[in-house]
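Dear colleague,

Please find the structure below, followed by an account of what was found in it. I would be grateful if you would read the account with the structure open beside you.

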Amino acid sequence: MQQVAINGYGTIGKRVADAVRQQPDMEVLGVAKTRPNFEAETAIEKGFPLYAAVEERAELFAEAGLEIAGPVEDLVAEADVVVDATPSGIGAQNKELYEEYDTPALYQGGEDADLAEVSFNARSNFEDAVDADHVRVVSCNTTGLSRVIAPLREAYGVEKVRATLVRRGGDPGQSDRGPINDILPNPVTIPSHHGPDVETIFPDLDIDTLGMKVPATQMHMHSLNVTLEEEVDAADVRELFADESRLFSIPERMDIDGSGKLKEYALDAGRPRGDIWENCIWEESISTVGRDFYCFQAIHQESDVVPENVDAIRAVTGAADAQESIETTDETLGIGL
Ligand code: NAD
């Protein structure tokens with residue numbers, strides 16, 4: 001059993017903790033937080049040993065009546081691997097701690113790519129992370145793009161990717177984010193930083209991305225155009241995608257017209273927190289014109305990276321190969337809408 005530490009128990013960290021707990025070959029050694037709040041209370045209710053991420057703040061937990069198992073250093077020292085799910089930039093500050101205890105670490109997409117030896121997407125480059133000490137699980141958007149690009153490249157070859165990312169202003173719990181009533185080119189410069197991030201997974205890929213931010217919290221939406229190296233029928237792409245467990249093609253019969261109904265469907269289907277780990281591609285949007293492929297896909301920013309973190313744990317610990325890991329993760333989480 002791999003002993004997994006989770007440093008940073010927020011949107012991503014708490015989901016990764018639950019997913020790790022469901023795996024047959026790993027367990028949650030503990031989670032670390034900086035301050036007591038509802039998430040700290042839930043961690044304790046779920047039976048996750050809670051560690052103090054910042055020594056000076058440890059007494060705040062006692063004042064809130066929450067029992068602390070120890071400082072984060074103890075957790076990192078004992079763990080086989082640590083998943084750092086702290087806010088962007090804090091992971092970089094934590095690297096020294098993981099190096100000090102010689103504990104392999106996973107970072108999240110908010111960190112700079114050069115913090116880690118490898119940027120990771122299970123479907124695209126699992127093997128690159130095998131036995132690595134510092135791995136960055138790429139962002140929700142880069143994960144969503146990589147999952148589509150990998151099979152298209154393998155099946156038809158990709159000449160150029162153009163993607164417009166309509167991004168949610170903030171997660172549902174982020175009351176300080178926006179815009180509230182606007183549509184922002186964001187970043188206003190073109191191409192956006194997302195393309196270079198996808199190139200950390202596919203270094204030789206030709207990709208341009210444009211970003212926007214809108215007053216929504218549920219999901220991101222991508223409008224994709226991929227110029228392939230050969231002419232392909234849309235029906236063939238639909239079949240190709242049907243074989244990809246982390247791509248969900250939304251059938252017309254479901255009458256799902258946007259991210260609101262998608263989230264409702266996930267809740268009805270009994271998904272924890274209404275999470276959608278798969279890319280959601282509108283089947284009717286899967287189109288080709290000559291060598292150009294088009295589609296719309298929705299990406300659940302809070303959860304699509306969760307199975308990727310689980311697979312990255314197996315990669316760095318050498319516990320399984322890509323196929324075995326992806327299958328185990330998919331089966332235990334119930335991936336495949
Ligand atoms: P979050 O703010 O929801 O959670 C971060 C948690 O870390 C909070 O509980 C915070 O209290 C805690 N924390 C802060 N400083 C800490 C420290 N020094 N040590 C330990 N814990 C500390 O953030 P998030 O949305 O989960 O994002 C985490 C990472 O995941 C970021 O790199 C982000 O870019 C990336 N990411 C976020 C999303 C998303 O949509 N939320 C999607 C993909 C990737």
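Burial is described here by relative accessible area: buried means under 20%, exposed means over 50%, and partly exposed lies in between (1.4 Å probe, protein chains only). The model is a predicted one, in which local features need pLDDT of at least 70 and side-chain atom pairs count only at pLDDT 80 or more, while totals for chains, interfaces and linings use all residues. Residues are numbered from 1 along each chain as its sequence is written, and side-chain values use heavy atoms, with hydrogens and water left out.

The annotated domain

In an unreviewed entry, UniProt lists residues 2–140 as "domain: Glyceraldehyde 3-phosphate dehydrogenase NAD(P) binding". UniProt positions are given in the numbering used here, feature names are shortened, and annotations may be inferred rather than shown by experiment. Over residues 2–140 the chain is 35% helix and 24% strand, with 25 Å between the end C-alpha atoms. Helices (H or I, at least four residues) and strands (E, at least two) are DSSP runs, numbered from the N terminus.

Backbone features

Most residues other than glycine have a negative phi, and most peptide bonds are trans. Which peptide bonds are cis here? One joins asparagine 186 and proline 187, with omega about -5 degrees. Another runs from isoleucine 190 to proline 191, with omega near 0 degrees. Proline 187 is placed in the loop between strand E10 (184–185) and helix H8 (194–199), and proline 191 is also found in the loop between E10 and H8.

Aspartate 131 is not a glycine, yet it has a positive phi of about 65 degrees. This residue is found in the loop between helix H6 (122–125) and strand E8 (134–137), and aspartate 131 is exposed at 54% relative accessible area. Aspartate 255, likewise not a glycine, has a positive phi of about 55 degrees. Its place is the loop between strand E13 (247–250) and helix H10 (259–268), where aspartate 255 is exposed, with a relative accessible area of 55%.

Salt bridges

Side chains of opposite charge can pair when their charged atoms come close. A salt bridge is a side-chain nitrogen of Lys or Arg within 4 Å of a carboxyl oxygen of Asp or Glu. By this rule the count is 21 salt bridges.

In one of them, arginine 123 pairs with glutamate 154, and the closest N and O atoms are 2.9 Å apart. Arginine 123 lies in helix H6 and glutamate 154 in helix H7 (residues 140–156), so the pair ties together parts that are 31 residues apart in sequence. Arginine 123 is partly exposed at 24% relative accessible area, whereas glutamate 154 is exposed at 59%.

Aspartate 197 and arginine 136 also meet through their side chains in a salt bridge (2.6 Å, N to O). Because aspartate 197 belongs to helix H8 and arginine 136 to strand E8, this pair ties together parts that are 61 residues apart in sequence. Are these two residues buried or exposed? Both aspartate 197 and arginine 136 are buried.

Lysine 160 and aspartate 206 form a salt bridge as well (3.2 Å, N to O). Lysine 160 lies in strand E9 (residues 158–168) and aspartate 206 in the loop between H8 and strand E11 (207–214), so this pair ties together parts that are 46 residues apart in sequence. Lysine 160 is buried, at 13% relative accessibility, while aspartate 206 is partly exposed, at 37%. Finally, salt bridges that share partners join Asp25, Arg147, Arg246, Glu308, Asp311, Arg314 and Asp330 into one network.

Yours sincerely
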